[in-house]
Amino acid sequence: LNRKMHLKDVIQRFNISNFTVYTCLLGFSLLLSLRVDSIIKWNYGLIFLPLWIWNAFVLVGVIVGVIFWIKKKSLRQDEEHLYQFKALIVTVVLQFLLFLTEVLIVVSIEAGWRHWRAILSPLYLLPLLSLPTCIWSCWRKRSVEV
């Protein structure tokens with residue numbers, strides 16, 4: 001009986017979004033390790049595929065969120081839903097900067113570029129956007145994962 005209740009509790013607390021993120025990061029880490037050790041000779045675009053799958057999930061979630069926001073006019077009049085929509089937009093901007101960095105890394109590795117300051121330039125913007133995001137979330141008493 002105790003084991004059954006424990007399993008039910010684990011299933012109820014299961015967070016599919018965290019599972020997806022960690023699975024994609026694990027897949028990327030494994031593929032990158034195999035590529036660096038020359039066990040596989042795949043193109044780096046394929047090595048980064050798990051990260052791009054994660055970004056595709058984010059994009060689909062954003063599209064669904066925006067469509068839902070547009071169709072439900074009552075949500076736009078509720079202040080809490082407005083803050084949730086703004087948080088969605090901020091999260092998408094931060095995620096886009098990570099995606100842009102991934103693309104620049106893959107292109108630079110394949111092309112042999114070594115201008116790392118330019119390649120990693122989207123990451124320089126993350127702290128500039130993350131700090132106001134954290135302040136905004138504290139001000140609105142919202143949890144945020146930056």
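1. Basis. The model is predicted, so local features are taken only at pLDDT of at least 70 and side-chain atom pairs only at pLDDT 80 or more, while totals for chains, interfaces and linings use all residues. Residues are numbered from 1 along each chain as its sequence is written, and side-chain values use heavy atoms, with hydrogens and water left out. Helices are DSSP runs (H or I, at least four residues), numbered from the N terminus.

2. Helix α6. This helix covers residues 79-111. α6 has 33 residues and spans 48 Å from its first C-alpha to its last, close to the expected 48 Å at 1.5 Å a residue; the expected span is 1.5 Å times one less than the number of residues. Buried here means under 20% relative accessible area, exposed over 50%, and partly exposed in between (1.4 Å probe, protein chains only). The buried residues of α6 are Tyr-83, Phe-85, Ala-87, Leu-94, Gln-95, Leu-97, Thr-101, Glu-102, Ile-105, Val-106 and Ser-108. They pack against α3, α4, α7 and α8. After α6 comes Gly-112, with a positive phi near 80°.

3. α4 against α6. The axes of α4 (residues 49-71) and α6 come within 10 Å and cross at roughly 150°. Axes are lines fitted to C-alpha atoms, for helices over the stretch in contact, and the angles run from 0 to 180 degrees between N-to-C directions. The two helices are therefore roughly antiparallel (angles over 145 degrees; under 35 is roughly parallel, 65 to 115 roughly perpendicular, and the rest oblique). Their crossing is left-handed, that is, the near helix is turned anticlockwise from the far one by less than a right angle. Contact means heavy atoms within 4.5 Å. On the α4 side the contact takes in Leu-51, Trp-52, Trp-54, Asn-55, Val-58, Val-62, Gly-65, Val-66 and Trp-69; on the α6 side, His-81, Leu-82, Phe-85, Leu-88, Val-92, Gln-95, Phe-99, Glu-102, Val-103 and Val-106. By class, these residues are 14 nonpolar, four polar and one charged. The nonpolar class is Ala, Val, Leu, Ile, Met, Phe, Trp, Tyr, Cys and Pro; Asp, Glu, Lys and Arg are charged, and the others, Gly among them, are polar.

4. α6 against α8. Here the axes come within 10 Å and cross at roughly 165°. That makes α6 roughly antiparallel to α8. The crossing is left-handed. α6 contributes Tyr-83, Lys-86, Ala-87, Val-90, Val-93, Leu-94, Leu-97, Leu-98, Leu-100, Thr-101 and Leu-104, and α8 contributes Pro-122, Leu-123, Leu-125, Leu-126, Leu-129, Ser-130, Thr-133 and Trp-136. The contact of α6 with α8 divides into 15 nonpolar, three polar and one charged residue.

5. Helix α8. Running over residues 121-139, α8 has 19 residues and reaches 29 Å between its first and last C-alpha, close to the 27 Å expected at 1.5 Å a residue. Pro-122, Leu-126, Ser-130, Thr-133 and Ser-137 are its buried residues. Their cover includes α6 and α7 (116-119).

6. α2 against α4. The axes of α2 and α4 come within 8 Å and cross at roughly 160°. That makes α2 roughly antiparallel to α4. This crossing is left-handed. Thr-20, Val-21, Cys-24, Leu-25, Gly-27, Phe-28 and Leu-31 of α2 meet Pro-50, Leu-51, Ile-53, Trp-54 and Phe-57 of α4. The residues of this contact are 10 nonpolar and two polar, with no charged ones.

7. Thr-101, in α6, is buried at 4% relative accessible area. Leaving aside residues up to four places away in sequence, Thr-101 touches Ile-119, Leu-120, Pro-122 and Leu-123. Val-66, in α4, is partly exposed at 24% relative accessibility. Val-66 and Ile-89 are 23 residues apart in sequence and 9.3 Å apart, C-alpha to C-alpha. Ile-53, also placed in α4, is partly exposed at 39%.

8. Ser-38. This residue is in the loop between α2 (16-36) and α3 (44-47). Ser-38 is not a glycine, yet has a positive phi of about 60°. Most residues other than glycine have a negative phi. The relative accessible area of Ser-38 is 43%, which is partly exposed.
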